Amino acid sequence: MRNNSAFVFSNDYLTYHFHKDHPFNHKRVQLAKELLELSGALTKQDIIPARMATDEELALFHDYDYIDAVKRAGRGGLNEKAGQEYGLGTEDTPIFKNMHEASSFLVGGTLTAVDEVISGNKDHVLNLGGGLHHGFERKASGFCIYNDSAVAIKYIREKYKLRVLYIDTDAHHGDGVQWAFYDDPNVCTFSIHETGRYLFPGTGNVNERGIKEGHGYSFNLPIDAFTQDESFLHVYETAVREIAAFFKPDVIVTQNGADAHCFDPLTHLCGTMAIYDRIPFVAHELAHEYCNGKWIAIGGGGYDMWRVVPRAWAQIWNVMKHGKPAAGAIPVQWIEKWQNESPVRLPANWHDSEEAIPEIPRKAEISEKNEQLLKSLLKYTKPIR
Amino acid sequence: MHVEEIMKKEVVILKPGATIANALDLLEKHRIRHIIIVDDVNQVIGIVSDRDVRDASPSTFIKDADNSELQNEIQTIMSHPVITIHPMDFVEEIASIFYDKEIACLPVVRNNRLVGVVTEKDMLYTLIQLTGTHVQSSLIEVKVPDRPGILPEVTAIFGKRKTNIASVLVYPYKNDLDYKVLVFRIQTMNPMPIIQDLRNAGYELLWPNDGLGLT
């Protein structure tokens, strides 16, 4: 396999900042990037600067009214009532200065990644600033303003007419992207997430299958709370390989939320770093098997920003560029640089030690339930006649 | 919630003299399971289900069947008298009619004239709305003592955080009459501050929990 890859980044990503107590913090991107630099896996030559998305590009998915409201909000010109209609100024998506510009950089970064891959310059490109999968056509939600994945996939469809497989491994359902392509047979969406019974946004049931022409091209695996590595990886790998074989995409877009780890404060899944080794590894294999390597990977959720996200995201790059995840010790310089700022003890190794893994008494029952779900999903990966 | 808020106003009807063949066409065309039979002044005089119609049609196993049965008048197979409801009835009431009478379609009648229809499916849709699962939300379950004033005490905590509640359900707690379970769906992806506030106020949460003793 060729591993001709690039890493999209801009310091402007750090301006996507709601307030200091908000769980979504894009310093995560910086932490992951520095971890890679200090471990020698990422060099200056690998990095491509992100650009800002234009209004026309945002409008491939979003309404102009909404874009205008985001612009006004970022300049202090949107009152509370007007903001409500667009989901702006809520606890989840508070208004912050220049929010339009900050959000447009994240989208632009994903578009840069798309251009590099589709033009053939690179096989795989990573944009950790993206992955804001809860953004809607005219509504901000779940920490997301603009939905970079939806914009980028519309862009791929308009400009290049390729068939896209979108794989979402965030612990929350990728609802914004699913609904954006719910009636489109050329975009297949697959989301594995914690069941919506308890967790935001509540959708993503296995029976959400798409509508009209797009029926049969939306897949969901809503696994049980407290699911651990073994069951997660078994159902995930089986499903994603079957779906790829069924759809035969031209290009793969993966959303890499890193909130399915047992340390994550917002979700109730119980994974360890082992799943963040396998997820990019499988995506990489599938991209070479079906898409001549074309793979765009983006970030997403992840709320243990010190212990989980930097390691998980760095592994995407390690697989993309070097063919396999890193193992062993984390560079001491990285720990020394950040330990003072971190409220928790930074991990010493790329993988979790046994003590980090909780005992779940209902493990067998959870695994059995996930297995049933997988069976329901697999019924749909047979060719449609 | 009143029936008139959930009923469908476009109702598929037939006159009693229509044929079974007409009924088959309508069932197929509208993808429905019931047709209401009305007289010339729109009074409900009967109802037929897809099963009534199929029972009265020739078997698909018989080749070259003579299809004369299909020309029979629909009034020969319709059920009557018909259980009907009023636009001002409550959704809860019609749920128990569906349950008790084991039927799946109720014509809505005002001043003796047909004005709408409610099916079991409409009823379930309303139930989905009531549980709040149709909007983006997170779920929290609180076990509380069963006493007056407890609901506003708990909801005040959500109000202080400016978190919108999409729905509230109140369940009995197992067989223990001293407790109730309050299930909230709240419109946020980050319920952590609220969860902390509830715990600080001394409430026991059934969800989220640590996964050790799921109820």
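**Before you start.** The model is predicted: local features need pLDDT of at least 70, side-chain atom pairs count only at pLDDT 80 or more, and totals for chains, interfaces and linings use all residues. Residues are numbered from 1 along each chain as its sequence is written, while chains are lettered from A and ligands numbered from 1 in the order in which they are written.

Stop 1: In an unreviewed entry, UniProt places "domain: Histone deacetylase" here. UniProt positions follow the numbering used here, feature names are shortened, and annotations may be inferred rather than shown by experiment. The span is 40% helix and 12% strand. Helices (H or I, at least four residues) and strands (E, at least two) are DSSP runs, numbered from the N terminus.

**Stop 2: the sheet of chain A.** Show the strands. They form an open sheet of 8, in the order β2-β1-β3-β8-β7-β4-β5-β6, with parallel pairing. Two strands pair if DSSP finds at least two bridges between them. The edges are β2 (47-49) and β6 (218-223), each pairing on one side only. From one strand to the next, the twist averages 15 degrees.

Axes are lines fitted to C-alpha atoms, for helices over the stretch in contact, and angles run from 0 to 180 degrees between N-to-C directions. Two residues are in contact if their C-beta atoms, placed from the backbone, lie within 7 Å.

**Stop 3: strand β8, residues 295-298 of chain A.** Which way do the side chains go? In a regular strand they alternate between the two faces of the sheet. Here Trp295(A) and Ala297(A) point one way, Ile296(A) and Ile298(A) the other, and all are buried. Buried means 20 or more other C-beta atoms within 10 Å of the residue's own, exposed means 12 or fewer, and partly exposed lies in between; C-beta atoms are placed from the backbone.

Look to either neighbour. Strand β3 (residues 124-127) of chain A pairs with β8(A) in the parallel sense over 4 bridges. Val125(A) stands opposite Ile296(A). Strand β7 (residues 251-255) of chain A also runs parallel to β8(A), joined by 4 bridges. Gln255(A) stands opposite Ile298(A).

**Stop 4: Lys161(A).** Find this residue in the loop between α6 (148-160) and β4 of chain A. Lys161(A) is exposed, with 9 other C-beta atoms within 10 Å.

**Stop 5: across to chain B.** Select the interface. Here 17 residues of chain B are in contact with 21 residues of chain A.

UniProt, in an unreviewed entry, places "domain: CBS" at both.

**Stop 6: backbone details in chain B.** Zoom in on His80(B) and Pro81(B), joined by a cis peptide bond with omega about -5 degrees. Pro81(B) lies in the loop between α3 (50-55) and α4 (91-101) of chain B. Next, go to Asn111(B), in the loop between β4 (105-110) and β5 (113-119) of chain B. Asn111(B) has a positive phi, near 50 degrees. Finish at Trp207(B) and Pro208(B), where the peptide bond is cis, with omega near -5 degrees.
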